Amino acid sequence: MAANNAVLNRLEQKGAEADQVIEYLKQQVALLKEKAILQASLREEKKLRVENAKLKKEIEGLKQELIQAEIRNGGDKKEKKQQPAAGSSDAKPVDVSRLDLRVGCIITAKKHPDADTLYVEEVDVGEASPRTVVSGLVKHVPLDQMQNRMAILLCNLKPAKMRGVVSQAMVMCASSPEKVEIVAPPPGAVPGDRITFDGFPGDPEKELNPKKKIWEQIQPDLHTDDQCVATYRGVPFEVKGKGVCRAETMANSGIK
């Protein structure tokens with residue numbers, strides 16, 4: 001009986017030792033796994049560093065090539081930047097061809113409700129509906145003479161609000177500090193007829209950009225001649241096949 005107990009005790013001791021060995025082996029296996037993962041990470045990191053260094057070198061080379069290309073083409077780029085795009089409004093000369101001047105008929109006119117010196121007119125310029133126009137003519141043209149009156153209208157100014165009323169065009173007038181007269185189209189002209197100028201071909205702007213001050217650059221060259229004919233740089237305002245435009249009595253006067 002005693003011999004059996006001794007054998008049993010040895011077996012239990014051996015089993016405990018075996019459990020310790022197994023636990024130790026498990027720990028070693030876990031350490032080996034961690035070491036393997038760390039080594040793999042270090043190898044990957046080293047690989048990435050090498051690739052990053054290679055990419056940096058390639059990028060630096062490309063930058064240098066780009067700089068050299070810009071230096072070689074710099075002159076051409078500056079010239080291209082200064083030249084406006086073909087067909088753009090900046091490519092056109094700043095002259096009277098940019099203005100949309102048309103024959104119009106002032107259908108009705110009345111005093112502006114909030115301004116003693118302004119008329120508010122409804123003007124037929126050959127479109128589907130009349131345009132509203134505000135003009136500072138109260139001191140120069142009696143109200144009864146504004147009704148059903150033929151005139152020349154500048155139709156591509158940007159619409160502007162004048163004392164609460166939006167004006168969509170401008171009546172062209174011979175003007176001096178003392179006197180103002182409406183420029184009249186030739187007999188037979190009808191609303192919508194274009195005003196043309198020999199030697200200044202081209203289509204007008206759809207709308208003049210006020211920032212470019214195109215009207216302000218052109219206006220000083222508009223005058224009546226000694227026969228009261230409206231002109232641009234000496235060239236008459238003309239309705240093709242019908243005649244020229246003129247003021248009633250004002251010769252050698254500015255037009256605006």
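In the predicted model, Glu 181 is located in strand 9, which spans residues 180–182. The relative accessible area of Glu 181 is 9%, so this residue is classed as buried, the limit being under 20%. A polar atom of the Glu 181 side chain lies 3.2 Å from the backbone nitrogen of Met 250. When neighbours within four places in sequence are left aside, the contacts of Glu 181 are with Met 172, Cys 173 and Ala 174, and with Ala 247, Glu 248, Thr 249 and Met 250.

Residues up to four places away in sequence not being counted, Thr 132 touches Val 120, Glu 121 and Glu 122, together with Val 165, Val 166, Ser 167, Gln 168 and Ala 169.

Strand 3 also takes part in the lining of the largest pocket, to which strand 3, strand 5 (160–162), strand 7 (170–171) and strand 8 (173–175) each supply at least two residues. The space in this pocket amounts to about 360 Å³. Of the 18 lining residues, those nearest the centre of the pocket are Val 134, Ser 135, Met 162, Met 170 and Val 171. The lining comprises 11 nonpolar, 5 polar and 2 charged residues.

The nonpolar interior was examined next. In soluble globular proteins, nonpolar side chains tend to be buried together. The largest nonpolar core in the model contains 24 residues, and Leu 101, Ile 195, Phe 197 and Phe 237 have the most contacts inside it. Two or more residues of this core come from each of strand 1 (101–111), strand 4 (149–154), helix 2 (214–218) and strand 11 (230–232). Helix 2 provides the largest share, 3 residues. Another core, apart from this one, has 18 residues, including Val 123, Val 138, Met 146 and Val 171. Val 171 is also among the residues nearest the centre of the largest pocket. In the 24-residue core, Phe 197 touches Val 96, Leu 101, Tyr 232, Val 235, Pro 236 and Phe 237, residues up to four places away in sequence not being counted.

Over the whole chain of 256 residues, 30% count as buried. The secondary structure consists of 2 helices and 15 strands. Among contacts with a separation of 6 or more, 64% are between residues 24 or more positions apart.

Several loop positions were also considered. Pro 113, in the loop between strand 1 and strand 2 (119–124), counts as exposed because its relative accessibility of 66% is over the 50% limit. The C-alpha atoms of Pro 113 and Gly 164 are 9.4 Å apart, with a sequence separation of 51 residues. Arg 163 lies in the loop between strand 5 and strand 6 (165–167) and is likewise exposed, with a relative accessible area of 53%. Most residues other than glycine have a negative phi. Arg 163, although not a glycine, has a positive phi of about 55 degrees. A positive phi, near 50 degrees, is also found for Arg 233, which is placed in the loop between strand 11 and strand 12 (235–236).

Notes: Residues are numbered from 1 along each chain as its sequence is written. This is a predicted model: local features need pLDDT of at least 70, side-chain atom pairs count only at pLDDT 80 or more; totals for chains, interfaces and linings use all residues. Side-chain values use heavy atoms; hydrogens and water are left out. Contact means heavy atoms within 4.5 Å. On a 1 Å grid over the protein atoms alone, a cavity is a set of points where a 1.4 Å probe fits but cannot get out, and a pocket is an open set with protein on both sides within 12 Å along at least five of seven lines; lining residues have an atom within 4 Å of a point. Grid points are joined across faces, edges and corners, and a volume is the space filled by probe spheres set on the points. Helices (H or I, at least four residues) and strands (E, at least two) are DSSP runs, numbered from the N terminus. Ala, Val, Leu, Ile, Met, Phe, Trp, Tyr, Cys and Pro count as nonpolar, Asp, Glu, Lys and Arg as charged, and the others, Gly among them, as polar. A nonpolar core is a set of buried Ala, Val, Leu, Ile, Met, Phe, Trp, Tyr and Cys residues joined through side-chain atoms within 4.5 Å. Buried means under 20% relative accessible area, exposed over 50%, partly exposed in between (1.4 Å probe, protein chains only). A polar contact is a pair of N or O atoms within 3.5 Å; within protein, one must be able to donate a hydrogen and the other to accept it, and residues adjacent in sequence count only if both atoms are side-chain atoms.
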